[in-house]
Amino acid sequence: MFIETALFLAMASSSLAGLPTPDIEKQYVKSQIELVATDQGVDPELALKVAKCESGYVSTAKGDKGQSYGTYQFKLKTFENFKTEAKRQELDRKDTEDNIWLGIWGLKNGKQSHWSCFKKIYGSR
């Protein structure tokens, strides 16, 4: 909740200052990816490249005719399966931090084939 409040305040103040709020949101998403990737022992550049390709760092991005959502473009069933395997039932696919955390968990735990962007960037590693 604190992070979301800080993001809202930053966006509101930047909007008043005439700064583009989408850029602030993207910077926030990128900083979260770097933080979580480092914390989970995943190469931040890998996590950033996949997120950029999947969503352009837009935390509310929708794809696959509305079936995929968020920074890491999770379909609901995949998100549910990943969070069960990660033993993190409290995670919410539409929460920015949760979407990022589980996406990076997936990259760390051999789930790279879930993302078409991973395959585009790295082939079938």
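I take a contact to mean heavy atoms within 4.5 Å. On that basis I looked up the contacts in the protein with a separation of 6 or more, and residues 24 or more positions apart account for 50% of them. I note that this is a predicted model.

Overall composition. I find six helices and three strands in the protein. Read from the N terminus on, the elements run α-α-α-β-β-β-α-α-α. Of the 125 residues, 42% are buried.

I see an open sheet of three strands, ordered S1-S2-S3 with antiparallel pairing. Strands S1 (62–63) and S3 (74–75) are at the edges with a single partner strand each, so one side of each is left without a neighbour in the sheet. I then checked the pairing of S2 (residues 68–69) with S3: two bridges join these antiparallel strands. In this pairing, Ser68 stands opposite Lys75 of S3.

Helix H5. I compared the length of H5 (residues 96–108) with expectation: at 1.5 Å a residue its 13 residues should span 18 Å, and the end C-alpha atoms are 18 Å apart, which agrees. I looked next at burial and found 12 of the 13 residues of H5 buried.

Ends of H5. At the N-terminal end I find Asp95 as the cap, with a side-chain oxygen 3.2 Å from the backbone nitrogen of Glu97. Just after H5, I note that Gly110 takes a positive phi of about 75 degrees.

Definitions and conventions:
Residues are numbered from 1 along each chain as its sequence is written. This is a predicted model: local features need pLDDT of at least 70, side-chain atom pairs count only at pLDDT 80 or more; totals for chains, interfaces and linings use all residues. Side-chain values use heavy atoms; hydrogens and water are left out. Helices (H or I, at least four residues) and strands (E, at least two) are DSSP runs, numbered from the N terminus. The expected span of a helix is 1.5 Å times one less than its number of residues. Buried means under 20% relative accessible area, exposed over 50%, partly exposed in between (1.4 Å probe, protein chains only). A polar contact is a pair of N or O atoms within 3.5 Å; within protein, one must be able to donate a hydrogen and the other to accept it, and residues adjacent in sequence count only if both atoms are side-chain atoms. Two strands pair if DSSP finds at least two bridges between them.
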